[in-house]
Amino acid sequence: MIQTKKLIAIAAIFSVPALGFDLDVNEVASVKTVSSSLASGLVKLYNGNQAGQVPGILPAPYYWWESGAMFDTLIQYWHLTGDTQYNGIISQALQFQQGPDSNYMPTNQTKTEGNDDQSSWALAAMSAAEANFPAPEGKTWVSLADAVFNNQVLRWDDKTCNGGLRWQIFTFNTGYNYKNSISNGYFFQLASRLARYTGNSTYSDWATKSYDWTKSTGLIDAKYNAFDGTDVLQNCTSISKIQWSYVAGTFITGAAHMYNITSGDAQAKWKTALDGLLNQTLTVFFPSGVAVERACEPNGKCNTDAKAMKGLLGHFLIDAVQMAPYTSSLITPLISSTAQAAAKACDSTGCPLSWNETVTSSKGGVGEQLSALTYVQGLLLKQAASPATGATAATNGTTTTGSGSATNPSGTSSGTATPSSTPNAAAGMTSQMGTGMLVGFAGALACLVL
């Protein structure tokens, strides 16, 4: 059973007068107004739609992966609020950054791109498909996500550590010998969402394989803590036990999607995983009812990447509620309490990283703004339509099943797979730290936990 401790103290947050945005968490109009203000503040930090700039790219010091995460957040903003004013820049970015092979390997990023970076954009494309975001002529959003999945299946590395994805794609990049949880967790999430969307069991098979590998390697331990990564040169026997919120979050939403599309013993397996991950994650990252990036926020040493992570955790928790509604009793109160705290801490000049009044931090960054927006707009979940599947989505008048993968989970080459003849339950439903931080990798990790 999911633990419910820590919820008793949440009510105290609601009784404190707001000093920033005046948010009534129970009033849709109030939530939309504050969400609009936060979205506006986020978009002001982006200039890729201006003359002479590159569409889809945030200015320094932000890395490419965070651009993808920002547009994913804005897709969710549109889906939850109905506000279409940013749809133009979202569509422009998702198309411009897809690259010449339509797999989010653009020439302006390829040399430094990691598996997690590529997945960040694939997940945004997946969100666009599930939200029925208007697709460009002759293209589907799910086809872009599927192309990334196929790329990463071919990179699955059975030659070391009995499987898993490496952090980096190319041997010349620092971090190539590191198999990190976020690369594998994003792959797991992507596969699980493609499985639900298409009804193709090839994706669910890969989702199961990737999760099982992560668990067996110890990157998720017996208590369901999700750790950072492991070293190929040590045969993945030494685990870096730094914990990042979005790493746990991606496994939560992946498990929720697998729970959603399975039944019987298989569903029981995913419920066990989901409950374990959820219990531990909420204990670690919501110690007082408000989201905290525990590895670096209390000591004020979060770098640019880390400032967006608890926002992604919130995004993934909101997705999990849609896939496994029974989790709402624990997740929704924490979304509400965090949203209230974030709104109080933010104002028209921006948002700080910390919202619990125990740590002072500066305002104005993309990660901070993205995170606050995610929790506030998440309050609108009850009013939102369920994520679409290929059977329910209108994609240029056709439905989409995806291609499956270039290789199956047993490692037997199958070319480009056709959709499975035995679709899973989704078919009939109606309803980092990747990034470019390659130089000084080990030192950066050490700095964050000092």
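A residue is called buried here when its relative accessible area is under 20%, exposed when that area is over 50%, and partly exposed in between (1.4 Å probe, protein chains only). The model is predicted, so local features need pLDDT of at least 70 and side-chain atom pairs count only at pLDDT 80 or more, while totals for chains, interfaces and linings use all residues. Residues are numbered from 1 along each chain as its sequence is written, and side-chain values use heavy atoms, with hydrogens and water left out.

The chain has 450 residues, of which 61% are buried. It contains 14 helices and three strands; these are DSSP runs numbered from the N terminus, helices being H or I with at least four residues and strands E with at least two. The accessible surface is about 16,400 Å², and carbon and sulfur atoms account for 53% of that surface. Accessible areas come from the Shrake-Rupley method with a 1.4 Å probe, and for residues only the protein chains shown count as cover.

Helix α3 covers residues 64–81. Its 18 residues reach 26 Å from the first C-alpha to the last, close to the 26 Å expected at 1.5 Å a residue; the expected span is 1.5 Å times one less than the number of residues. Because 17 of its 18 residues are buried, α3 is largely enclosed by the rest of the structure.

On a 1 Å grid over the protein atoms alone, a cavity is a set of points where a 1.4 Å probe fits but cannot get out; a pocket is an open set with protein on both sides within 12 Å along at least five of seven lines, and lining residues have an atom within 4 Å of a point. The largest cavity holds about 200 Å³ of space. Among its 17 lining residues, H79, E130, D319, Q322 and P387 are the closest to the centre. The lining consists of seven nonpolar, six polar and four charged residues.

The second largest pocket has a volume of about 370 Å³. It is lined by 19 residues, and V25, T332, S336, L379 and K382 are the closest to its centre. Helices α2 (28–43), α11 and α12 (328–345) each supply at least two lining residues, with the largest share, five residues, coming from α12.

The structure holds eight salt bridges, a salt bridge being a side-chain nitrogen of Lys or Arg within 4 Å of a carboxyl oxygen of Asp or Glu. D157, R166 and K179 are linked in a network of them. Between D157 and R166 the closest N and O atoms are 3.3 Å apart; D157 is buried at a relative accessible area of 10%, and R166 is buried at 12%. D157 also pairs with K179 (3.2 Å, N to O). That pair links distant parts of the chain, with D157 in the loop between α6 (141–155) and β1 (178–180) and K179 in strand β1, 22 residues apart.

Another salt bridge joins E297 and K310 (3.1 Å, N to O). E297 lies in the loop between α10 (264–285) and α11, and K310 lies in helix α11, 13 residues apart. E297 is buried, with a relative accessible area of 2%, and K310 is buried, with 1%.

Note on methods
Points joined across faces, edges and corners; volume = space filled by probe spheres on them. Nonpolar A, V, L, I, M, F, W, Y, C, P; charged D, E, K, R; others polar.
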